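Please look over the sequence and the structure first.

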Amino acid sequence: MSIFTFKGGIHPYDGKELSKDKDLVTIEATDEVVIPVSMHIGAPATPLVKVGDKVLKGQMIACASGFVSANIHSSVSGEVIKIEDRLQPAGNTCTSIVIKNDYNYDEVEYMPVEGELTPKKIKEKIAECGLVGMGGACFPTHVKYETEKDINYVIVNAAECEPYITADYKRMMLDADKIIEGLKLVLEIFPNAIGVIGIENNKKDAIKILNNLAKDEERITVAPLKTKYPQGSERQLIYAITKKKINSSMLPADAGCVVSNVETIYNVYRAVKLGIPVIDRIVTVSGDGINNPRNFLAPIGVSYKTLIEAAGGLKEGVEKVISGGPMMGFALFDLDVPVTKGSSSILAVLKDDVSHCTMTNCLNCGKCAMVCPENLLCAKIAQAADNDDMELFVKLYGMECIECGTCNYNCPANRNITQSVRTMKRKVIAKRREEAKNV
């Protein structure tokens, strides 16, 4: 069997054995849930409720306020007690709807798609149920599927290449049949496409299950991927499977591809076939700083603190807690933040390797460039960024950086390459927007 991959990448300790084989635990919502109106790329949703309103589980409480936006639904029944800014996992604040849980869990009547499953009906239900990219990007799914490009591949991103995270793996082991059904629904939207499930070959049991389910499906195949980081990055995944390249000025659709995460595809099934919106998700709580690492099925809006307590709490001496994986996640300074649609994991580590490293001058060794999945001159680009040389930064293709952190990981001088590049990219984007306004 062929193994699909790309040039570059690294092989960090993956830590997946800490949580992958433990049973999934369902978390009950606490007295209050905090549901942000912006859990997606694009315009924040507009609240449909006010303080004092009674809501049902599954009820739409905020509606998409533009084309690139997403509906928001309540994960509990109860009373809206506040609508105010609350801290989010990324460190920003966002308007959030705070609901007092009545513990009755009275639900709305979920309405699956009736009659013929046309592309229009499927996309409308996906939009209605508030689906977004649940691997972390959080791009509204109905917008991604609303393309006039000729789509040849619908790729399910099942790589899960970030260390420690096993949420997608757990979903595949428990609901592989629903993932296949969800993919078949997306293929109804794109009649000329084939469906490819890209999954790293360290998940052999999941590959076996999916292969068995897909063996009689003419339009679905399973593509084993070489286990390395960042195999699950959209550009690298597309290249590994199709050998087509895209850059920062292109969308996957420009290469005839649509890419969706495993959890997203599962929720396509749930939305279309059952009428259930995104009101919960699987979250990995792991790391050597967690007493009992495992995966949890958590309601949207429950706090990270609640999940950590359910995992036995933090070990003494924990130095860092991260939302997401260790490569691209956000360090947390407060655990009182809500689980969102993009919350794939919470990671606690006993030693913060980054803070204990001593940064020295660049050695010009080229080790960063050797592993860069975009084949960039990472050190030179970072140097241009540090010197605030925007022109040189752009000339060296700094905007093509995917901010995966492989350069940092491989740098013997412990340079903060990714951070320098990320900061300059934001400056370039801001300047281009300002120039566009003045045209």
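In this predicted model, Tyr169, Met172, Met173, Ala176, Asp177 and Ile180 of helix H3 meet Asp205, Ala206, Ile209, Leu210, Leu213 and Ala214 of helix H4. By class, the contact of H3 with H4 holds 10 nonpolar residues, two charged residues and no polar ones.

How are the two helices set against each other? H3 spans residues 167–189 and H4 spans residues 204–214. They pack at an angle of about 5 degrees. Their axes lie 10 Å apart. Angles under 35 degrees count as roughly parallel, so H3 is roughly parallel to H4.

H3 also belongs to a β-α-β unit. Strand S9, H3 and strand S10 make up this unit, and it is right-handed. S9 covers residues 153–157, and four of its five residues are buried. The strand is thus mostly covered.

Which strands pair with S9? One is S10, residues 194–200, in the parallel sense. Another is strand S12, residues 257–261, which also runs parallel to S9. The table sets out the two pairings.

| Pairing | Residues of partner | Bridges | Sense |
|---|---|---|---|
| S9 with S10 | 194–200 | five bridges | parallel |
| S9 with S12 | 257–261 | five bridges | parallel |

Tyr153 stands opposite Ile194 in S10. Val154 stands opposite Val258 in S12.

Now the backbone. Most residues other than glycine have a negative phi, and most peptide bonds are trans.

Pro230 sits in the loop between strand S11 (220–225) and helix H5 (234–242).

Glu403 is found in the loop between helix H11 (390–395) and helix H12 (406–410).

Is Glu403 buried or exposed? Its relative accessible area is 10%. Buried means under 20%, so Glu403 is buried. Tyr103 has a relative accessible area of 41%. That value falls between the 20% and 50% limits, so Tyr103 is partly exposed.

Notes. Residues are numbered from 1 along each chain as its sequence is written. This is a predicted model: local features need pLDDT of at least 70, side-chain atom pairs count only at pLDDT 80 or more; totals for chains, interfaces and linings use all residues. Side-chain values use heavy atoms; hydrogens and water are left out. Buried means under 20% relative accessible area, exposed over 50%, partly exposed in between (1.4 Å probe, protein chains only). Two strands pair if DSSP finds at least two bridges between them. A crossover is right-handed if, with the strands pointing away from the viewer, the path from the first strand over the helix to the second runs clockwise. Axes are lines fitted to C-alpha atoms, for helices over the stretch in contact, and angles run from 0 to 180 degrees between N-to-C directions. Angles under 35 degrees count as roughly parallel, over 145 as roughly antiparallel, 65 to 115 as roughly perpendicular and the rest as oblique. Contact means heavy atoms within 4.5 Å. Ala, Val, Leu, Ile, Met, Phe, Trp, Tyr, Cys and Pro count as nonpolar, Asp, Glu, Lys and Arg as charged, and the others, Gly among them, as polar.
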